[in-house]
There are 2 protein chains.
Amino acid sequence: MKIQLALDRFTIQEAIEIAAKAEKAIEWIEVGTSLIKEFGVKSIYDIKNRFPDKTVVADIKTFDNAKYEFELCFRAGADIATVMGAAPPVTLRTCMDTAGQFGRQVMVDLLNTQAHQQAEIARLENIIVCQHISKDQQEEGGGGTWGRRAASRSQQLAVAGGISLENLAAVRALQPDVLIVGSAISKASDPLLAARKIKETWEALK
Amino acid sequence: MKIQLALDRFTIQEAIEIAAKAEKAIEWIEVGTSLIKEFGVKSIYDIKNRFPDKTVVADIKTFDNAKYEFELCFRAGADIATVMGAAPPVTLRTCMDTAGQFGRQVMVDLLNTQAHQQAEIARLENIIVCQHISKDQQEEGGGGTWGRRAASRSQQLAVAGGISLENLAAVRALQPDVLIVGSAISKASDPLLAARKIKETWEALK
């Protein structure tokens, strides 16, 4: 299991400082949608530049203009970029083509996808799918639930949405490859310790 | 009928220069998604600052984190911000609440929405709905078609997607309040003339 540290609602400098603290206990670093929309692709560039050995995920949430947006992410140094599963099929295909050209990867965010869209996405090869309870759904107090494991064996599963020590057991049942964790690490007084505790608890749940 | 000039795949400076050329024949200026994702909210700020008397639409395509993203747009000077109709209902509600607090407006982008989502959106009051054939769908050569007029009388209708002199008659049949035009104006050798021709042709179609 890998931890993807999601960095949202920070300045680029704050995000870098938090990632540096947690660095030894996380594998992937996510440049959150809010960083990209607030500061542009500079946020991706600066974070990859500071952490060249980490896998950097650009959570750009593409819904159109796929080639242009994915090229922006990959040129800025992202290893993985995200597309919404609710987007038109041509947009998902273009994201996969563009990632293939750069030798990078696509994460498909299943947030609010319909059953027929999930069935199509389950057939795609070599992607990461993200089961996602959104920030707005969390703040509403419920609304979303994580779903089942992805269908294709070549797919990796990431799980996101308010993950903390309290709900690790429920998340564990989904057998994810990637645990996307935000505030449980980024808002902790000791981000490194918080990330290590998540890993220890995860192992103990085996 | 108002023209919303959509500015995408430009630098902020290029976008400002194009808008300045077309200024006298357009009503609304759209800061395109690609400008926001490439350069951040500075793109919104700079364009509103240069055109304080124009209605500025921030095409931020919110799918989550609605309050944060809409506040970013409105604080940067946007008069209208966009949310995807395919997003969870709580996200749409939060966008409307945030816009209400700022005395600004929400444009709901219907791109790839399902019938049940369109039915819910049709009940919302005082929004602008955007019938949208996406860039990726256009480049695929078809895929999308504009739909019917919005249901609620308090809704304004905007139409987007490769609009040019060639398809004005088809667009006219939808009776839109706002015509979102990109490259037919922005890539024209004379953007002002191009915008004026669209208006003249539109009037002649009455």
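A polar contact is a pair of N or O atoms within 3.5 Å; within protein, one atom must be able to donate a hydrogen and the other to accept it, and residues adjacent in sequence count only if both atoms are side-chain atoms. Between chain A and chain B, 30 residue pairs are in polar contact, both residues at pLDDT 80 or more. This is a predicted model, in which local features need pLDDT of at least 70 and side-chain atom pairs count only at pLDDT 80 or more, while totals for chains, interfaces and linings use all residues. Residues are numbered from 1 along each chain as its sequence is written, chains are lettered from A and ligands numbered from 1 in the order in which they are written, and side-chain values use heavy atoms, with hydrogens and water left out.

**Interface between chains A and B**

- Contact, meaning heavy atoms within 4.5 Å, involves 38 residues of chain A and 39 residues of chain B.
- The two chains bury about 3200 Å² between them, 53% of it on carbon and sulfur atoms; buried area is the accessible area (1.4 Å probe) that two parts lose on being put together, summed over both.
- Four salt bridges cross the interface of chain A and chain B, a salt bridge being a side-chain nitrogen of Lys or Arg within 4 Å of a carboxyl oxygen of Asp or Glu.
- Glu69(A) and Lys37(B) are joined by a salt bridge between their side chains, at 2.9 Å from N to O.
- Among the elements that each supply at least two residues of the side of chain A that touches chain B are helix H2 (33-39), strand S3 (55-62) and helix H4 (66-75); helices (H or I, at least four residues) and strands (E, at least two) are DSSP runs, numbered from the N terminus.
- H2(A) provides the largest share of that side, six residues.
- By class, the side of chain A that touches chain B holds 14 nonpolar residues (Ala, Val, Leu, Ile, Met, Phe, Trp, Tyr, Cys and Pro), eleven charged residues (Asp, Glu, Lys and Arg) and 13 polar residues (the others, Gly among them).

**Barrel of chain B**

- Eight strands form a closed barrel in chain B, in the order S1-S2-S3-S4-S5-S6-S7-S8 with parallel pairing; two strands pair if DSSP finds at least two bridges between them.
- From one strand to the next, the twist averages 25 degrees, with axes fitted as lines to C-alpha atoms, for helices over the stretch in contact, and angles running from 0 to 180 degrees between N-to-C directions.
- Strands S1 (residues 2-7) and S2 (residues 28-31) of chain B run parallel and are joined by four bridges, and Leu5(B) stands opposite Ile29(B) in S2(B).
- Helix H1 (residues 12-22) of chain B lies across S1 and S2 of that chain, at about 160 degrees to S1(B).

**Barrel of chain A**

- Chain A also has a closed barrel of eight strands, S1-S2-S3-S4-S5-S6-S7-S8, with parallel pairing.
- Three bridges link the parallel strands S7 (residues 156-160) and S8 (residues 178-181) of chain A, where Ala158(A) stands opposite Val178(A) in S8(A).

**Salt bridges**

- Over all chains, the count is 20 salt bridges.
- Glu139(A) and Arg9(A) form a salt bridge, with their closest N and O atoms 3.3 Å apart.
- This pair links distant parts of the chain, 130 residues apart: Glu139(A) is in helix H7 of chain A, and Arg9(A) is in the loop between strand S1 (2-7) and helix H1 (12-22) of chain A.
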